[in-house]
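Below are some notes for a colleague who wants to read through the model before using it. The points are numbered so that each can be checked on its own.

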Amino acid sequence: MDNNQLGGQADFNGITVYDNQKRVTVIRNDDGSLFIKVKEQSKKKFDLLTRILLIRGFIQFLNTMFTQLNNYKIVESTKTKKQFSLQIIKFYKFIYESSAIIGFLLIFTLTPALLQFLPWFDNKKLLLLFSEGATRIIIYFILLELISKLNNIAHLLKYHAAEHMAINSFEKNKNLTVPAIRRSFQKNIRCGSTYFFILAMIYAIIFIIMYFINVPLTTNIFLRIIALPICCGLTHEVINIIDRYKGNISKNILSLCMTMQTKTLLQPDDHHLQVAVVAINIHHSDTTEGYYNLSNFFDINNITKLS
């Protein structure tokens, strides 16, 4: 994602939008009220690194990952805090954050690397590398399928679609009405579903190249871990190229990548789109850092002064 592009993430009960200047999280409570958190991003933090080719992609990956982990909360409302003790909430969040990071490392580094210890791949290193690449993609498909089957996942998938549709509508014509957003495309090339699919393919390509430079087998697991920043950086640049240049090759790659998002999107209801409208409106207003509460969607003008 370029510095001037708007990124977004969906939660079970809301949406976060962000760029390198501001991050806005909007949580919708059961009664229709909205909890809003506005956070100014540090302009000096990693400013130089975000301008360096490849490195900026890994910095963006880390920022996105930690944004998601920081925003993952059971519910931000007072009602929820009364139902759950602070200790339980902290424990739940710790388990979620740990499992997310460990799960990612297992999928893209350690799990596929275990194939090298199978006797079928003795002296068949090129076949091993192709198999590892296929394993990453297959595991990723399985994870997407499992996610789509989880109980109570519908709201997350609807918020995910609403986030995409609102960003697409805003970037196309700055139109942020619910009817206009509903006509927008649900898929977005910068979606995490697409990102991880491209990352898996780049991982495979990188290590096939390493095959031709005779990297010792005993160091492969370690190399898979330290290759992560490079692969993340390459993935970031590839997505930017596909997004900018709409040639025939890019369109074919784009079509393939977009299919990854099918399992992670559902047609949103109006209130999902309204949350996205609030998030983007506040992000592009002069609303200062802090916490805000709205009794409903239509009170947005009480806290925004659109630039």
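Which residue in β3 is the bridge partner of Thr16? Thr25 is that partner. The points below start from this strand pairing and then move to the rest of the chain.

1. The model is predicted. Its protein chain has eleven helices and five strands. Of the 307 residues in the chain, 47% count as buried. The accessible surface of the chain comes to about 16600 Å², and carbon and sulfur atoms account for 63% of that surface. Among contacts in the chain with a separation of 6 or more, 68% are between residues 24 or more positions apart.

2. Strands β2 and β3. Strand β2 covers residues 14-18 and runs antiparallel to β3, with five bridges joining the two. The pair Thr16 and Thr25 belongs to this pairing. Three residues lie between β2 and β3, and the two strands form a hairpin.

3. Strands β3 and β4. On its other pairing, β3 is joined by seven bridges to β4 (residues 34-40), again in an antiparallel arrangement. Arg23 has Lys39 in β4 as its bridge partner. β3 and β4 also make a hairpin, here with five residues between the strands, and Gly32 in this hairpin takes a positive phi near 90 degrees.

4. Burial of β3. How many of the seven residues of β3 are buried? Six are, so the strand, which spans residues 22-28, is largely enclosed by the rest of the structure. In a regular strand, side chains alternate between the two faces of the sheet.

5. The largest nonpolar core. This core has 35 residues, and Val26, Ile36, Val278 and Ile280 are those with the most contacts inside it. The elements giving two or more residues to the core are β2, β3, β4, α5 (154-173), α6 (178-182), α11 (270-283) and β5. Helix α5 gives the most, with nine residues. Another core lies apart from this one; it has 28 residues, including Ile189, Phe197, Ala200 and Met258.

6. Ile167 in α5. Ile167 is placed in helix α5. Its relative accessible area is 3%, and because buried means under 20%, Ile167 counts as buried. Leaving aside residues up to four places away in sequence, Ile167 touches Leu6, Gly7, Gly8, Asn188, Arg190 and Ile280. The C-alpha atom of Ile167 is separated by 9.7 Å from that of Gln186, which is 19 residues away along the chain.

7. Aromatic pairs. The structure holds six of these. In one of them, Phe35 and Tyr291 have ring centres 5.8 Å apart and planes at 35 degrees, so the pair is tilted. Phe35 lies in β4 and Tyr291 in β5 (residues 290-294), so this pair ties together parts that are 256 residues apart in sequence. Are the two residues buried or exposed? Phe35 counts as buried at 12% relative accessibility, whereas Tyr291 is exposed at 56%.

8. Phe297 and Phe298 form an edge-to-face aromatic pair, 5.1 Å centre to centre and with 70 degrees between the planes. Phe297 counts as buried at 15% relative accessibility, while Phe298 counts as exposed at 64%. Ring pairs also link Tyr140, Tyr195 and Phe196 into a cluster.

9. Cysteines. How many disulfides does a search of the whole structure find? The search finds zero. Cys232 is in no disulfide, and the nearest cysteine sulfur to its own, that of Cys231, is 7.1 Å away. Cys232 counts as buried at 0% relative accessibility. Cys191 also counts as buried, at 4%.

How values were computed
Residues numbered from 1 in each chain as written. Predicted model: local features only at pLDDT ≥ 70, side-chain atom pairs only at ≥ 80, totals over all residues. Heavy atoms only, no water. Buried < 20%, exposed > 50% of the residue type's maximum accessible area, 1.4 Å probe, protein only. Helix = DSSP H or I, 4+ residues; strand = E, 2+ residues; numbered from the N terminus. Pairing = 2+ DSSP bridges. Disulfide = S-S within 2.5 Å. Contact = heavy atoms within 4.5 Å. Areas by Shrake-Rupley, 256 points an atom, 1.4 Å probe, with all protein chains shown as cover. Phe/Tyr/Trp six-rings, centres within 6.5 Å; stacked < 30°, edge-to-face > 60°. Core = buried A, V, L, I, M, F, W, Y, C linked by side-chain atoms within 4.5 Å.
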